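The tour moves from one selection to the next.

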Amino acid sequence: MSARGGGSRYLKEPFDCSHAQRFEATERVMELQFDVVSQRLQRMESLMEGLEKRLWMTVYGVVGVILTQAVQSVLEYAPR
């Protein structure tokens with residue numbers, strides 16, 4: 001502690017940090033940020049794949065209903 005008063009010496013004295021250390025710290029922070037963004041993108045892609053599957057199932061269902069109704073109407077008017 002300094003003789004000037006209470007408190008932390010780290011708040012009063014400059015922190016000795018070289019340019020290389022700052023650069024490395026910045027690179028590490030950016031790497032962590034990119035990792036988080038990558039994880040979010042992967043999660044979004046998996047959600048989109050699930051949504052796409054449900055959408056195609058809905059399309060196939062609607063097409064199936066339309067084809068069933070068309071076949072029923074053709075069978076209804078066909079000669080017996």
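Start by selecting Tyr60. This residue is exposed, at a relative accessible area of 54%. The classes run as follows: buried is under 20% relative accessible area, exposed is over 50%, and partly exposed is in between, with a 1.4 Å probe and protein chains only. Tyr60 sits in helix α2. Helices here are DSSP runs of H or I with at least four residues, strands are runs of E with at least two, and numbering goes from the N terminus.

A word on the ground rules. This is a predicted model, where local features need pLDDT of at least 70 and side-chain atom pairs count only at pLDDT 80 or more, while totals for chains, interfaces and linings use all residues. Residues are numbered from 1 along each chain as its sequence is written, and side-chain values use heavy atoms, with hydrogens and water left out.

Which ring pairs with that of Tyr60? The structure has 1 aromatic pair. It joins Trp56 and Tyr60, whose ring centres are 5.9 Å apart and whose planes meet at 35°, so the pair is tilted. Rings of Phe, Tyr and Trp (its six-membered ring) pair if their centres lie within 6.5 Å; planes under 30 degrees apart are stacked, over 60 edge-to-face, and the rest tilted. Both residues belong to helix α2, 4 residues apart, or about one turn of the helix. Trp56 is partly exposed, at 44% relative accessible area.

**Widen to the patch**

Now select Leu55, Trp56, Met57, Val59, Tyr60, Val63 and Leu67. Together they form a nonpolar surface patch with about 740 Å² of accessible area. Patch members have over 30% relative accessible area and no salt bridge; nonpolar side chains (Val, Leu, Ile, Met, Phe, Trp, Tyr) are joined within 5 Å, like charges within 9 Å. Areas come from the Shrake-Rupley method with a 1.4 Å probe; for residues, only the protein chains shown count as cover.

**Jump to Arg28 and Glu31**

Their side chains meet in a salt bridge, 3.5 Å from N to O. Glu31 is partly exposed at 42% relative accessibility, and Arg28 is partly exposed at 43%.

**Zoom out**

Show everything. The protein has 2 helices and 0 strands. Of its 80 residues, 0% are buried. The accessible surface is about 8,000 Å², with 63% belonging to carbon and sulfur atoms.

Technical notes. Salt bridge = Lys/Arg side-chain N within 4 Å of Asp/Glu carboxyl O.
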